Amino acid sequence: MSTASPHTAPLPAAPPPARSAAPAPRKASPGPRRPLRRRLADQARAYAFLLGGLLCFALFSWYPALRSVVIAFQKYTPGADPEWVGTANFTRVFQDPEFGAAWRNTATFTVLALLIGFAVPFVMALVINELRHARAFFRVVVYLPVMIPPVVSSLLWKWFYDPGAGLANEALRFLHLPTSNWSNGADTALVSLVLVATWANLGGTVLIYLAALQNIPGELYEAAELDGASVWQRVRHVTVPQTRFVILMLMLLQIIATMQVFTEPFVITGGGPENSTVTLLYLIYKYAFLYNDFGGACALSVMLLLLLGAFSALYLRFTRTDD
């Protein structure tokens, strides 16, 4: 019986089996598109939720605006059939002596409101933003006038401006300063109304500016301080450029709002003295509810609409940036 020789070399070990390459991950296929019926149902449900708001806007905003444009070309008296008169309402309004005074007073009010009421909220926002303590308290105090109804606010200021026992003149007498006629003087009435409007609408503008200021990165101010910039230089080169969009939009909204001022002249001065506070909206009110001339009132409204629309378009065009 033969056996293997002890000097026989051992057989080499079999190489390990080659590892197969891992399969490439498969891209997740997009889910099946929702059927058309389901998408239409979702759209219908969304518009159903919006239906209430759309109906309110259509009934109380869009329809009156379109109806006013139609009435501007009609002789319209409640209870009678309207008569188409073309541009006769516009011609009659142009010939009214109060027409020029109303436009002049409205333009003056807007300019004064920009000079007084546009810079003050921005400065107050800068001051409140720099406070380390009681910042929330001052935000509430600044916003309080906004929570007062406009008519109540105007009545308070009417008593404040009273030339006899009004608080304004009492304060001047206490300081041994000459008193003023305030809203009762033809040369001071419009400025007095600007102060009322500025005080009443200050809070909302200050809060918007505060929100914009708090979004400015602090690194920009730190870099400006390292470069030796003063407070005025930091405001000019950091704060104003960073809040430029908010400033421009609030300026546009303020111009539109001041061109439609009504409550203060109506409650405090009644358009006087000597028509020095008759504004466009107050003249529209007089045409509609005192003269019973709805055609003339709507003609004035259309003029104001066209003016504000054209101004807004030009303003947005010239303040638009490429970024």
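The model is predicted, so local features need pLDDT of at least 70 and side-chain atom pairs count only at pLDDT 80 or more, while totals for chains, interfaces and linings use all residues. Residues are numbered from 1 along each chain as its sequence is written, and side-chain values use heavy atoms, with hydrogens and water left out. The structure holds five salt bridges, a salt bridge being a side-chain nitrogen of Lys or Arg within 4 Å of a carboxyl oxygen of Asp or Glu.

- R92 and D293 form a salt bridge whose closest N and O atoms are 2.5 Å apart; because R92 lies in helix α2 (residues 88-94) and D293 in the loop between α14 (280-290) and α15 (294-318), the pair ties together parts that are 201 residues apart in sequence.
- Helices here are DSSP runs of H or I with at least four residues, numbered from the N terminus.
- R92 is partly exposed at a relative accessible area of 33%, whereas D293 is buried at 16% (buried means under 20% relative accessible area, exposed over 50%, and partly exposed in between, with a 1.4 Å probe and protein chains only).
- E98 and K286 meet in a salt bridge of 2.7 Å, N to O, and both residues are buried.

**A pair within one helix**

- R173 forms a salt bridge with E170, with 3.1 Å between the closest N and O atoms, and the two residues are three apart in helix α7 (residues 167-174), which means that about one helical turn separates them.
- R173 is partly exposed at 36% relative accessibility, and E170 is likewise partly exposed at 38%.
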